Amino acid sequence: MQWYFVAALLTVLTSSQGILTTLSQSNGEYKYDYATVPFLAEVFKLAVSCFLLWRECQKSPLPKMTTEWKTVALFPIPSVIYLIHNNVQFATLTYVDTSTYQIMGNLKIVTTGVLFRMFLGRRLSNLQWMAIVLLAVGTTTSQVRGCGETSCESLFSAPIQGYMLGVLSACLSALAGVYTEFLMKKNNDSLYWQNMQLYTFGTLFNMARLLVDDFRGGFENGPWWRRIFDGYTITTWMVVLNLGSTGLLVSWLMKHADNIVKVYSTSMAMLLTMILSLFLFNFKPTLQLFLGIIICMMSLHMYFAPPNMLLDMPITVKPDEEKLIEVSVDRRPHS
């Protein structure tokens, strides 16, 4: 399976995520406990990974599976980082409005590139760095509203704590992605075995979150396992399957591609969501949206296109090289 096919599929699924979540609401509110959706998505990913690992074990030779405790103990770390990230998200939203938070969230595009270079040792060319910055600029441009609106005035009026937490949130999101890629490429273990470990801890952490929510609410609505499917509709199940499938595609990209491909997929999904919203939710197109799409497409071409397509320069022989050729010819022994 080619990585660009998986990336395109990830873009489509990610773009439909927000749309399906909106459609799952009833009269503008959720009739189900939204905290159960990530939990069921983790269970779905775990079940699919276990099945695929079982299928893989039926073949010969058997897939490689490292069972050393030192290796297994590394897999809860992404879940811990995401747990901290989620809390930082809520803290950030107490200082800034939603529009400002979305715009600051684009910092994770650049922080992913920086951590990608620092921790994985992957060198990026100057053109690729420019492409990553352009991607952040393009997605931000598409989200900026008209300057006559109040959101434009509030963009730079938030307390300093809000901006600091926004930067921390971007760094944590990038760190979780880069660390997951490090885990996936650390050895030649089966992808499904690695997924099984990753999603086992993900399921346990999400279950712990549901228990904590019950304790905070004094079990007013009963324990979470008794009301886990309350209010679920076909659309809600589609949200669960979409979220689970997206996670499986991301893990595949972490193993066979890299974080930058994932960043481009999710960024393009954001733009695709806006375009689809024009038809589904009467979303009004803006000049910023069109400019953002153009900038992101330029960034996509700059990052992935071969250098000879970006630098259209004729192949010429330098004068110094011509002299070297002449000298080498003159030094040949005469018969």
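Salt bridges are the theme of this tour: the structure, a predicted model, holds 8 of them.

Select aspartate 33 and arginine 227. Their side chains meet in a salt bridge, at 3.0 Å from N to O. Now trace the chain between them. The two residues are 194 residues apart, and the pair links distant parts of the chain. Aspartate 33 sits in the loop between helix H1 (3-23) and helix H2 (36-57). Arginine 227 sits in the loop between helix H10 (191-216) and helix H11 (234-256). Aspartate 33 is partly exposed, with a relative accessible area of 28%. Arginine 227 has 16%, so it counts as buried, the cut-off being under 20%.

**Stop two: inside helix H9.** Select glutamate 181 and lysine 185. This salt bridge spans 2.9 Å, N to O. Both residues lie in helix H9 (residues 160-185), 4 residues apart, about one turn of the helix. Lysine 185 is partly exposed, at 36%.

**Stop three: inside helix H10.** Select aspartate 213 and arginine 209. Their side chains form a salt bridge at 3.8 Å, N to O. Both belong to helix H10, 4 residues apart, about one turn of the helix. Aspartate 213 is partly exposed at 31% relative accessibility. Arginine 209 is partly exposed too, at 35%.

Technical notes. Residues numbered from 1 in each chain as written. Predicted model: local features only at pLDDT ≥ 70, side-chain atom pairs only at ≥ 80, totals over all residues. Heavy atoms only, no water. Salt bridge = Lys/Arg side-chain N within 4 Å of Asp/Glu carboxyl O. Buried < 20%, exposed > 50% of the residue type's maximum accessible area, 1.4 Å probe, protein only.
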